[in-house]
Amino acid sequence: SSISRALNPYTDFQAFLDCAGLPELRIIISNTTEAGIAYRGGEKPEDSPPASFPGKMTRFLYERFSRFSGDTAKGLIMLPCELIDRNGDNLKRIVFDLAEEWKLGSSFLQWLSEANIFCNTLVDSIMTGFPKDEIARLWAEAGYEDTLYDTGELFRLWVIEGPENVQDEFPLHRAGMNVVWTRDMTPYRTRKVRILNGAHTMTVMGAYLGGKNTVGECMADPLIAGWMRKTLREEIIPVLSLPKKELEDFASEVLQRFANPYIQHYLLSIALNSAAKFKARVLPTIKEYCALRRSPPPGLSWALAAFIAFYQGREMQGGALTGHRSPAPPQSGEDYPIKDDADVLEFFRALWNSPEGTSPPAAVRAVLTNPRLWDEDLTALPGFEESVQRAYAAILEKGSLAALADTMK
């Protein structure tokens, strides 16, 4: 009863635009992953639809502006849930840039500024997706088949940074939901992204290459779980500017949530768009650790080496790069899909099909110096290139978990 319909803008763009004419529309919530809120050059207002999410949003807002003749009472509240820093500010910036680039007029720019609100938000709840392993039982219990089933933990937190009038319009906190309205969400975001999401992203690719399939399997493995605790305690928490006790308590709670036996969180699901996730969730910690200690963080160096190893694939199939997991008991060798932005996948495909890809030091350097991935040259971090190269060479020689054991020593 909470979903009226689902629209696909790629097959019915007009129906999507028609929603801009709904007088009662007020709030738009988005979740397009870390890679979604990004500027893509070459888009045009007549595209049906524009390729990027901000492009679609700009076109939608211009449609609403036009249909209601610039009525400031018909502005919208945007609540983006993408896990990037200042997601609302970034979405707003790109929408304004596109409006100017597309020459949509000063009146529209003024309406964007005065009538619309772009909030920064943070969502914290582990959602693992369609419960394929138990869906038959669930459907039998419900008495009907519903392909929108999703599995998530009981923990819920939504932090929204915005003006007071927005929380009055959308008073979820008064309905007993764990929604925090604040004027500054920075402490909440830093803690969650660096610890919870950082722990996910730093672990999944190396663990998957080592034969693990779920977060639960990782937490049941003494080596992986011990490395996660050690890296959180010695590399992540020390560079964060929040009270140490608060950070340690949050990290302990996160590890308990990861070990929830009722949540089957598949590593390949978490690995979606890992390039953007690593940049947002792990790289800031690496940079701050290097600045603080003047040496590289060993655990996170292994994590980046595992990222490089995971993204090894020479052929594209079905829009994904095909990687291969070597046999690791009880798993057998198998192919797996590497899913990311097209240009990220093309970079790695070309790398592994080039002479650089056959030389581990050259491959690591090519990844660390790629501005598309990091917006900077990571070889400038003291000792970091050498640390990643050692870990990467060990992964190739011994396998990811044996290399991790070396790192732990």
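**Exercise 1.** In this predicted model, determine which element gives the most residues to the lining of the second largest pocket.

*Solution.*
Step 1. Consider the space itself: the second largest pocket holds about 1000 Å³.
Step 2. Identify the residues closest to its centre. Among the 32 lining residues, these are Asn31, Cys81, Val123, Ser125 and Met127.
Step 3. List the elements that supply two or more lining residues: the strands β4 (120–124), β5 (127–129) and β7 (157–161), together with the helices α7 (186–209), α11 (267–270) and α12 (274–281).
Step 4. Select the main contributor. Helix α7 gives the most, with four residues.
Step 5. Sort the lining by class: 14 residues are nonpolar, 11 are polar and seven are charged.

**Exercise 2.** Describe the largest pocket: what is its volume, and which residues lie closest to its centre?

*Solution.*
Step 1. The volume is about 1300 Å³.
Step 2. Of 32 lining residues, Leu7, Phe16, Ile28, Ile29 and Ser30 are the closest to the centre.
Step 3. Strand β1 (27–30) and helix α2 (53–67) each provide at least two residues of this lining.
Step 4. The classes are 19 nonpolar, nine polar and four charged residues.

**Exercise 3.** For the open sheet with the order β9-β10-β11, explain why one side of β9 and of β11 is left without a neighbour in the sheet.

*Solution.*
Step 1. The three strands pair in the antiparallel sense.
Step 2. Strands β9 (316–317) and β11 (334–338) are at the edges and have a single partner strand each, so one side of each lacks a neighbour in the sheet.
Step 3. Strand β10 (residues 320–325) pairs with β11 over five bridges, and arginine 325 stands opposite glutamate 334 in β11.
Step 4. Helix α15 (residues 342–352) packs on the sheet and touches β9, β10 and β11; its direction makes about 50 degrees with that of β10.

Key
Residues numbered from 1 in each chain as written. Predicted model: local features only at pLDDT ≥ 70, side-chain atom pairs only at ≥ 80, totals over all residues. Heavy atoms only, no water. Pairing = 2+ DSSP bridges. Contact = heavy atoms within 4.5 Å. Axes fitted to C-alpha atoms, helices over the stretch in contact; angles between N-to-C directions. 1 Å grid on protein atoms, 1.4 Å probe; cavity = no way out; pocket = protein on both sides within 12 Å on 5 of 7 lines; lining within 4 Å. Points joined across faces, edges and corners; volume = space filled by probe spheres on them. Nonpolar A, V, L, I, M, F, W, Y, C, P; charged D, E, K, R; others polar.
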